[in-house]
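Please read it alongside the sequence and the coordinates.

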Amino acid sequence: MTTYLADAAQDLYVEGASARFGYRRLGPQGGVPLVLLNRYRGTLDWWDPEFLEYLAQAHDLILVDNVGIGYSSGQPRDSVEELAEGAIEFIEALGLSQVDLLGWSLGGMTAQHVALQRPDLVRKLVVAGATPGGQIPGAPPPSEKAGAIMAKPESSADDLVTLFFPETEEARATGYAHLAKVGTRLASNPPGISVEAAIAGGTAIGKFAMAPLDQVRVNLAAAKHPTLFAAAMGDILIPAIASYFAVENIASPSTLVVYSDGGHGFLFQHIKAFTDEVKAFIAA
């Protein structure tokens, strides 16, 4: 059984104005840190430790639970804008003057608004499996299968693999391997997602999806940071066309990477390929 640095990473805490933030820090400290913002219903323990291991080889890596989620206290936020405020509060509580951001899914939506609200605080942005907001032209209708799983109070291992990985034998095997890796941390019954936090996160996603498309275009036109968008053709939660729309409309220099055989969890399906993309983008 492989042992990863993230499995032994210490739980750290810092006091902000509205919450006590739980976070972990890996890799060599110094330079501009890379801060990770997680998915809906994701906590510190749900980041794949192999994924973190690759990123921490080259970066001061910081992962955090937003306000009211997992290891962090406070009232859960029910809009992406408020989640961005929580992330900014955490970054400032650590005394960081500038960071790179990597957000996955809801974390990617949040990261985009951190950059909008505090452009001085962000150097580069990685948006993985996320939408810029609104009803994207040409997007397929929401997956009924995904909707049924998301409506459950708790998701089984089969549910999570179905949500995050394509329905091929190889991809599903990768999905179960991912769950086995995160299981090392989850085995100790750590803080999870409260019903209140789950409702708030779902509300935030719903509001973001209904944002006026004209405002979404305005936000993209105001973007100032080099951005790497990453998506997967088999994503049943966030269609890849959302990332294409973002790159088509964004003002800042941006790159789009699409995995033809990936699902929403392509970060953990193609760990080495994706982390190499991230490291090259940040280093450029």
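A residue counts as buried when its relative accessible area is under 20%. Asp 7 has a relative accessibility of 18% and is therefore classed as buried. The model is predicted.

**Asp 7**
- Asp 7 is located in the segment that precedes β1 (12-15).
- Apart from neighbours within four places in sequence, Asp 7 contacts Pro 49, Lys 181, Thr 184 and Arg 185.
- Asp 7 and Asp 48 are separated by 41 residues in sequence, and their C-alpha atoms lie 9.7 Å apart.

**Helices α2 and α3**
- Helix α2 (residues 80-93) packs on helix α3 (residues 106-117) at an angle of about 70 degrees, and the two axes are 8 Å apart.
- Angles of 65 to 115 degrees count as roughly perpendicular, so α2 is roughly perpendicular to α3.
- On the α2 side, the contact is formed by Val 80, Glu 81, Leu 83, Ala 84, Glu 85, Ala 87 and Ile 88.
- On the α3 side, Leu 106, Met 109, Thr 110, His 113, Val 114 and Gln 117 take part.
- Sorted by class, the contact of α2 with α3 comprises eight nonpolar, three polar and two charged residues.

**Helices α5 and α6**
- Helix α5 (residues 157-164) and helix α6 (residues 169-186) cross at roughly 125 degrees, with axes that come within 9 Å.
- The pair α5 and α6 is therefore oblique.
- The crossing of α5 past α6 is right-handed.
- From α5, Ala 157, Asp 158, Leu 160, Val 161 and Thr 162 meet Arg 172, Gly 175, Tyr 176 and Leu 179 of α6.
- Five nonpolar, two polar and two charged residues make up the contact of α5 with α6.

**Gln 112**
- Gln 112 belongs to helix α3.
- Its relative accessibility is 10%, so Gln 112 counts as buried.
- A side-chain atom of Gln 112 lies 3.1 Å from the backbone oxygen of Thr 131.
- With residues up to four places away in sequence set aside, Gln 112 touches Leu 125, Val 127, Ala 130, Thr 131, Pro 132 and Phe 229.

**Positive phi**
- Most residues other than glycine have a negative phi.
- Arg 41 is not a glycine, yet has a positive phi of about 65 degrees.
- Arg 41 sits in the loop that joins β3 (34-37) to α1 (49-56), and its relative accessibility of 22% makes Arg 41 partly exposed.
- Ser 105, also a residue other than glycine, has a positive phi near 60 degrees.
- Ser 105 is in the loop between β5 (99-104) and α3, and with a relative accessible area of 10% Ser 105 is buried.

**Helix α9**
- The buried residues in helix α9 (residues 240-249) include Ala 240, Ala 242, Ser 243, Phe 245 and Ala 246.
- The elements against which the buried residues of α9 pack are α8 (213-221), β7 (227-232) and β8 (254-259).

Definitions and conventions. Residues are numbered from 1 along each chain as its sequence is written. This is a predicted model: local features need pLDDT of at least 70, side-chain atom pairs count only at pLDDT 80 or more; totals for chains, interfaces and linings use all residues. Side-chain values use heavy atoms; hydrogens and water are left out. Axes are lines fitted to C-alpha atoms, for helices over the stretch in contact, and angles run from 0 to 180 degrees between N-to-C directions. Helices (H or I, at least four residues) and strands (E, at least two) are DSSP runs, numbered from the N terminus. Angles under 35 degrees count as roughly parallel, over 145 as roughly antiparallel, 65 to 115 as roughly perpendicular and the rest as oblique. Contact means heavy atoms within 4.5 Å. Ala, Val, Leu, Ile, Met, Phe, Trp, Tyr, Cys and Pro count as nonpolar, Asp, Glu, Lys and Arg as charged, and the others, Gly among them, as polar. A crossing is left-handed if the near helix is turned anticlockwise from the far one by less than a right angle, and right-handed if clockwise. Buried means under 20% relative accessible area, exposed over 50%, partly exposed in between (1.4 Å probe, protein chains only). A polar contact is a pair of N or O atoms within 3.5 Å; within protein, one must be able to donate a hydrogen and the other to accept it, and residues adjacent in sequence count only if both atoms are side-chain atoms.
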